Amino acid sequence: MHLSRYPRVFLAHLPTPLERLDRLSAELGGPEIWIKRDDCTGLSTGGNKTRKLEFLMAEAMQQGADMVITQGATQSNHARQTAAFAAKLGLACHLLLEDRTGSNDANYNTNGNVLLDHLHGATTEKRTGGADMQGEMEKVAERFRAEGRKVYLIPGGGSNATGALGYVNCAFELVGQANDRGLVIDQIVTATGSAGTQAGLVTGLKAINANIPLLGIGVRAPKEKQEENVFNLSLKTAEKLGCPDVVSRSDVVADCSYVGPGYGIPRADTLEAIRMFAELEGILLDPVYSGKGAAGLIDLCRKGTFKKGQKIVFLHTGGSAALFGYDAVLAGEASAQ
């Protein structure tokens, strides 16, 4: 699979590390747990969106854009990484931030990723929860185009067939790292939300016949909807790669048991996962994506779904900057212990 045929801006710090989590594995007493550190991709504390933006921003520049517009939740990791990428490339960046949690906490609304958005020079607008964010982006884009801007729209999470190429590449990278150290991977686990990360991974794994199952831990949508979104994007990604139908519906699996009250609202198992990774491995998770993904991983280990002797890779999607918007939640959880 020759990804060099697609425009790409090489800014991510790759390959990201693949590390064994000895203390977490010992604590859970089950499988051998490894972590793929996509929190280490560079650009403003890193995260999984940087891989996608290498392809998306290259497409934007190829089309002559001088501004990018994207959308996400208030504490969007994707928005922050887009702002950082735009700053690096000298493009204007405008962000639409959707209030999905209804939080009135000052830190949630101005600290963490929001603080970094503005530090990178991005401008922002807010929208109420449940808004048609794609439609809102289109309207805002028309406004800027009327002012003479050449606008490139990036979907939420960078999740289209172009962005998913970043995780096709990650699949190749991860399998190469495993091959180089004789690591037989029994399962990959990652958080799944806007679908691009899981779709890119499953397409890449199938394209090289890796025979490694992938489980997405959902952070927002119900299982049926999440799997449908991922599968549909996988089909588009495979078609873009020139290997249509390489992904079957049965290859796309999501467990949405750990969403809790809703997107961006962590429950007790998310907070426990954040503390376990921090205290046992010195690794920071976030309360929206990686924390919920890790909560699923931990629970499945405790239930015996992942068994002793198996080797499980958790793909860390980043997002630790959001912790600074959740200080009240974390402090409340600590005082309740």
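A: Thr-45 is partly exposed, with a relative accessibility of 45%; the scale calls a residue buried under 20% relative accessible area, exposed over 50% and partly exposed in between, using a 1.4 Å probe and protein chains only. The model is a predicted one, in which local features need pLDDT of at least 70, side-chain atom pairs count only at pLDDT 80 or more, and totals for chains, interfaces and linings use all residues. Residues are numbered from 1 along each chain as its sequence is written, and side-chain values use heavy atoms, with hydrogens and water left out.

Thr-45 lies in the loop between β2 (32-37) and α2; helices (H or I, at least four residues) and strands (E, at least two) are DSSP runs numbered from the N terminus. Although Thr-45 is not a glycine, its phi is positive, at about 75°. Most residues other than glycine have a negative phi, and most peptide bonds are trans.

Helix α2 (residues 49-62) packs against helix α3 (residues 77-89) at an angle of about 45°, with the axes 10 Å apart; axes are lines fitted to C-alpha atoms, for helices over the stretch in contact, and angles run from 0 to 180 degrees between N-to-C directions. This angle makes α2 oblique to α3, since under 35 degrees counts as roughly parallel, over 145 as roughly antiparallel, 65 to 115 as roughly perpendicular and the rest as oblique. The residues of α2 that meet α3 are Lys-49, Thr-50, Leu-53, Glu-54, Met-57 and Met-61. Their partners in α3 are Asn-77, His-78, Gln-81, Thr-82, Phe-85, Ala-86 and Leu-89, where contact means heavy atoms within 4.5 Å. By class, this contact has six nonpolar, five polar and two charged residues; Ala, Val, Leu, Ile, Met, Phe, Trp, Tyr, Cys and Pro count as nonpolar, Asp, Glu, Lys and Arg as charged, and the others, Gly among them, as polar.

Leaving aside neighbours within four places in sequence, Asn-169 is in contact with Leu-3, Arg-8, Leu-14 and Arg-51. Asn-169 is found in helix α7 (residues 161-180) and counts as buried, at 15% relative accessibility. Leu-14, one of those contacts, is joined to Pro-15 by a cis peptide bond, with omega about 0°. Pro-15 is placed in the segment before β1 (18-20).
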